[in-house]
Amino acid sequence: MKQRDLVGFQQRATAEPKGRIAPTLNSNLTTMENTAKLVIIGAGIVGCSTAYHLAKLGWRDIVVIDRGSLFATGGSTSHAPGLVFQTNSSQTMTRLAKYTVELYSQLESSEGSAFYGVGSVEVAYTEARWQELKRKLGWAKSWGIEGAMLTPEQAKEKIPLLDETKILGAYYVPTDGIAKAVRAAEALANFAINSSAAKFYGNTQVLDIEVEQGQVKSVITNKGNIATDKVVVCAGIWGSLIGEMVGEVIPLVPVQHQYVKTSPLSELAGETREVVQPILRHQDRSMYFRQHSDCYGIGSYQHEPLLVDPKDILTHKDSPMMPSVKQFTESHFQAAWQSTVELLPSLAQTELPYKINGMMSFTPDSFPIIGESSQVRGFWVAEAVWVTHGGGVGKMVAELLTTGVPSLDLHECDINRFPQVAQSSKYIWASAAQQYREVYDIIHPLAQPTHSRQLRVSPFYPRLQELGAVFFTSAGWERPQWFESNAKLLEKYTIPERQGWSAQNWSTIQGAEHLATREGLAMYDLTSFTKLEVTGEKACEYLQYLCANKVSSNVGKVTYTSMLDANGGIMCDLTITCLDKNRFWVVTGGAVGGHDLAWMRSHLPKDNSVNIADVSSSYCCLGLWGPSAPKVLSEVTDTDVSNKGFGFFTARQIYLGAIPALAVRVSYVGELGWEIYVPTESGLKLWDLLWQAGQPYNIIAAGVGAFESLRLEKGYLSWGADIHTEYDPYEAGLDFAVRLNKDEFIGRDALLQRKQYQSRKLCYLTLNDPSVVIMGKEPIMAEGKVLGYVTSAGYGYSLGRCVAYAYLPLGYSTPGTNVEIEYFGDRYLATVTDIG
Ligand code: FAD
């Protein structure tokens, strides 16, 4: 079946099964196909879920291969205790889990149900955790999960084994529970088999993948070859080895994780049901627990990360238990056992007859890896996925393969999100180990890693250091967050002090830099921007097809635009500068560069008439912004930089002193000024030139902290937070950057539809109490209902209060409307306001 034949299956988000799926005997596995529409590698929960969702969307001719026996294959799914905690700081991960619970709840295999919705209890040992759990309840409300805070006594009512005197309270989610992962995998696979969509082959190993001219051609197995142009890698801890077959780095590492089961407990004597008590998390000790009939299971991350080279994973033949399980290491469990008997004293009476070091995948940022390789067409990946998200991830992959448009925003999971500096094994191992250490830690959204630093520094770096820059990292770049040398500005500007969460990884200096930019002049190191040069005789035509705005082909004009997906959602948000007739510069954020580049590459004309070069490292960039910017620039150039000579949204090749530069008159901070791009080797000279010229105007260097608060105050949006594929430009208030009357562009038809049925709008809110600072992701309420959540927030230092953005139903979007924002369990009044 051709992909375009699947148009009739494009109704998304309707793949939930109706009623229970009866277990069926598997198809004959002895003779394998030699051709397939698509091959899935791995029949764990992710491979089976992907096959199921493809079957639901009408796919046929799928082959699923696993080196192990079906369906207890010996992969991580085979031994996972299956705890499902849905609430996550990421909306996407929470919604993947929510869908997964709904799906598993409808499944059963020959062994019984695939999901037990017994609820979950997460306990707080410390005040910090108690506050964190309140924050978690906020996410639950934002993302549509039912949750509640419990007193210690209420927690004990749910789990009588708990010593409630040890805890301050708990967070409870009634719909969490236990997934029986092998049962779920089997039921999902059986649906795909019974609907004649897929054939499953166990005990079959993929040895290689043949690629021709950047396109998957066939899968080579120990039982024969299968010609296909699409594979989906669902190989769990073996994923990076499959990546190596085609030269694709899949950045994950298998990490050993301990799980044990007790002998029967007298308190549970006679209990034969799989699980009745809620699952339990004790994150202050990096542990979790579940009931197994009359026994208890204990999972622990409370040990140094034990990383495994995937090449060292044993084969089925050589593994004492199964390939994804290593020998239990007693020494790593001692502290965990102490923590166990402290929280659940009756477990002290038990023995531990079952003890494993299971292996699971960890990635550099703990998110899964989903999508098609931008190097090898037809090479799809669904890796580093927990059982908790297995149902949802299978659905997303199937949607991507069918229509190209998943029903959830997947940018956090995008296979293309890792810059090249994050693809070395050194980086991957260091960051995966750190993720393991921190898996249950309370992580501040601005917390900075200590490993793998200084991989990318701009040419201004020595000057930034001299000025006392406090560096935060993004996409491997070291970027100043604020400058200690600007502390002297605090004599001029009074910045309100903060307490608690919002005071962490923050300085009053950021506020002073903000105000100094508004009143005077600041230089910002913007070198981390991704800069893409698009050239070729059809370059303009190509960009017009990708962009919602009309891309100006007048040399020197700058266009701000979105690129949309086929559903009208905002895929990219960027500026395009016409440098020459067939030459354009696309500038986008550093952290989203890989994502945007992959999207653009995937739409390049086949006839090679357009080329994209990533010139990010060839040019540095400096933002010169503030009311004095024209005066200072005019002192170092002969070019007329007045409003008349150099208008907004225009760019010119000029000389600054003797340095050739591209000056682009745009601003993300809402002040006069330019982004100035020069060859990297001239960067230091540029810095010194402008710094010198700016002295009479009290020029300062300012950091990303001020940059962020300036943009928030002026209503500029951040892709990934305020806008992404789930929103369209009309909802986001970006209609000024859409031209429906130009030639066809991706997403136009869908956008026309969406425009008619718009029901929500991105609103600019200010908090009524000027002393309150929120951080983003908080739920917004009115009249007892959750209306939406804060997409981003920060203090507007010029405004003198906190600014928050949120999509609100149209009925609540009129300026003057009052709503409430919940932050750490407290409610604060906010008002919909015209942009400041
Ligand atoms: P797998 O189940 O490992 O499947 C991958 C398959 O690919 C395997 O069957 C393998 O045989 C096959 N394969 C690999 N290479 C090849 C090849 N070359 N040819 C053919 N086949 C190949 N998650 C939760 O959500 N909740 C939990 O409570 C939980 N607890 C856990 C406890 C432990 C101790 C561990 C280790 C993990 C736990 N996890 C949990 C994580 C979870 O088990 C995994 O993330 C999940 O099972 C991964 O599923 P998968 O389908 O990607 O991988």
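View 1. Tyr440 is buried, at a relative accessible area of 4%. Here buried means under 20% relative accessible area, exposed over 50%, and partly exposed in between (1.4 Å probe, protein chains only). Tyr301 is buried as well, at 5%. This is a predicted model: local features need pLDDT of at least 70, side-chain atom pairs count only at pLDDT 80 or more, and totals for chains, interfaces and linings use all residues. Residues are numbered from 1 along each chain as its sequence is written, and side-chain values use heavy atoms, with hydrogens and water left out.

Aromatic pairs number 27 in total. Rings of Phe, Tyr and Trp (its six-membered ring) pair if their centres lie within 6.5 Å; planes under 30 degrees apart count as stacked, over 60 as edge-to-face and the rest as tilted. The ring centres of Tyr301 and Tyr440 are 5.1 Å apart and the planes meet at 65°, so this pair is edge-to-face. The two residues stand 139 residues apart and link distant parts of the chain. Tyr301 sits in the loop between β19 (295-300) and β20 (306-307). Tyr440 sits in the loop between α9 (425-437) and α10 (461-466). Helices (H or I, at least four residues) and strands (E, at least two) are DSSP runs, numbered from the N terminus.

**View 2. The tilted pair Tyr668 and Tyr716.** What is the geometry of the Tyr668 and Tyr716 rings? Their centres are 5.7 Å apart and their planes lie at 40°, so the pair is tilted. Tyr668 is in the loop between β35 (659-664) and β36 (673-679). Tyr716 is in the loop between α16 (704-713) and α17 (748-756). The pair ties together parts that are 48 residues apart in sequence.

**View 3. An aromatic cluster.** One cluster is formed by Tyr259, Tyr288, Tyr301, Phe362, Tyr436 and Tyr440. The edge-to-face pair of View 1, Tyr301 and Tyr440, is included.

**View 4. Arg437 in helix α9.** Arg437 belongs to helix α9. Its relative accessible area is 35%, which is partly exposed. Contact means heavy atoms within 4.5 Å. Apart from neighbours within four places in sequence, Arg437 is in contact with Glu304 and Pro305. Glu132 is 305 residues away from Arg437 along the chain, and their C-alpha atoms are separated by 18 Å.

**View 5. His595 in helix α13.** Is His595 buried or exposed? His595 is buried, at 10% relative accessible area. Helix α13 (residues 593-601) holds this histidine. Leaving aside neighbours within four places in sequence, the contacts of His595 are Asp414, Asn416, Met571, Cys572 and Trp719.

**View 6. The whole chain, for orientation.** The chain has 17 helices and 43 strands. Its radius of gyration is 28 Å, close to the 28 Å that the globule rule gives for 836 residues, so the chain is as compact as a globular protein of that length. That radius is taken over C-alpha atoms, and the globule rule is 2.2 Å times the number of residues to the power 0.38. The C-alpha trace spans about 85 × 65 × 50 Å along its principal axes. Of the 836 residues, 60% are buried. Among contacts between residues at least 6 apart in sequence, 73% join residues at least 24 apart.
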